Amino acid sequence: MTVTRREALGLAVGGAAALTTLRFTAPAFAAGNAVEDAIIEFTGGAKPGSGDIAIGAPEIAENGNTVPIEVSAPGAASIMLLAAGNPSPGVATFHFSALSGAQEAKTRIRLAKTQDIVAIAKMPDGSAIMTKRSVKVTIGGCGG
């Protein structure tokens, strides 16, 4: 069996296209479990309840490249922010001490598409509280 140059080139291009497609689609499928895994790792396995935690975010973000977010949880030891619809959902973790004036933080994040922002606060006694807020992205973002 002989392979012509044209057939070899076709196989090489087809293989490269298949690898590129797999490379860019695999993280999107893994994001669902990545959020749950991050929450479990952050809380040490404790199931987050509801409580005094708030997310400040626009209902509609005109530009997904820079979305202002603020989070507060009075009495929290640390707060973790996740963007559930991003290929890499971890956004930030803020740690507070007894010298912190308030347990709140502000930042700007990039959102790939319309999605939920999840905030989990770990309290000094080891318990955790969680809340979500949906943000609609109209253009831009890290997904295109």
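I began at Gln103, whose side chain reaches the backbone nitrogen of Gly75 at 3.2 Å. The model is a predicted one.

I then looked up where Gln103 sits: its place is in the loop between strand S5 (90–95) and S6. Is Gln103 buried or exposed? Its relative accessible area is 18%, so I put Gln103 down as buried, the cut-off being under 20%. Leaving aside neighbours within four places in sequence, I listed the contacts of Gln103 as Val71, Ser72, Ala73, Pro74, Gly75, Ala76, Ile79, Phe96 and Ser97.

**Sheet**

Next I followed S6 into its sheet. In what order do the strands of this open sheet run? I read S1-S3-S6, three strands with antiparallel pairing. Strand S1 (54–56) and strand S6 (104–109) are the edge strands, each pairing on one side only. From one strand to the next I noted a twist that averages 20°.

How many bridges join S1 to S3? I found three, with S1 and strand S3 (residues 67–72) running antiparallel. Ile55 stands opposite Val71 in S3. Val71 was already in my notes as one of the contacts of Gln103.

**Thr43**

I moved to Thr43, which lies in helix H1 (residues 5–43). With a relative accessible area of 6%, Thr43 is buried. Which residues does Thr43 contact, leaving aside its neighbours within four places in sequence? I noted Pro48, Ile120 and Ala128.

I also checked the polar side of Thr43. A polar atom of the Thr43 side chain lies 2.9 Å from the backbone oxygen of Ala46.

**Largest pocket**

Last, I looked up the largest pocket, for which I have a volume of about 170 Å³. Its lining has 14 residues, and Val35, Glu36, Ile39, Pro48 and Met130 lie nearest the centre. Pro48 is also among the contacts I listed for Thr43.

Which elements give two or more residues to the lining? They are H1, strand S7 (115–122) and strand S8 (128–139). The largest share comes from H1, with five residues. H1 is also the helix in which I placed Thr43.

How values were computed:
Residues are numbered from 1 along each chain as its sequence is written. This is a predicted model: local features need pLDDT of at least 70, side-chain atom pairs count only at pLDDT 80 or more; totals for chains, interfaces and linings use all residues. Side-chain values use heavy atoms; hydrogens and water are left out. Two strands pair if DSSP finds at least two bridges between them. Helices (H or I, at least four residues) and strands (E, at least two) are DSSP runs, numbered from the N terminus. Axes are lines fitted to C-alpha atoms, for helices over the stretch in contact, and angles run from 0 to 180 degrees between N-to-C directions. Buried means under 20% relative accessible area, exposed over 50%, partly exposed in between (1.4 Å probe, protein chains only). Contact means heavy atoms within 4.5 Å. A polar contact is a pair of N or O atoms within 3.5 Å; within protein, one must be able to donate a hydrogen and the other to accept it, and residues adjacent in sequence count only if both atoms are side-chain atoms. On a 1 Å grid over the protein atoms alone, a cavity is a set of points where a 1.4 Å probe fits but cannot get out, and a pocket is an open set with protein on both sides within 12 Å along at least five of seven lines; lining residues have an atom within 4 Å of a point. Grid points are joined across faces, edges and corners, and a volume is the space filled by probe spheres set on the points.
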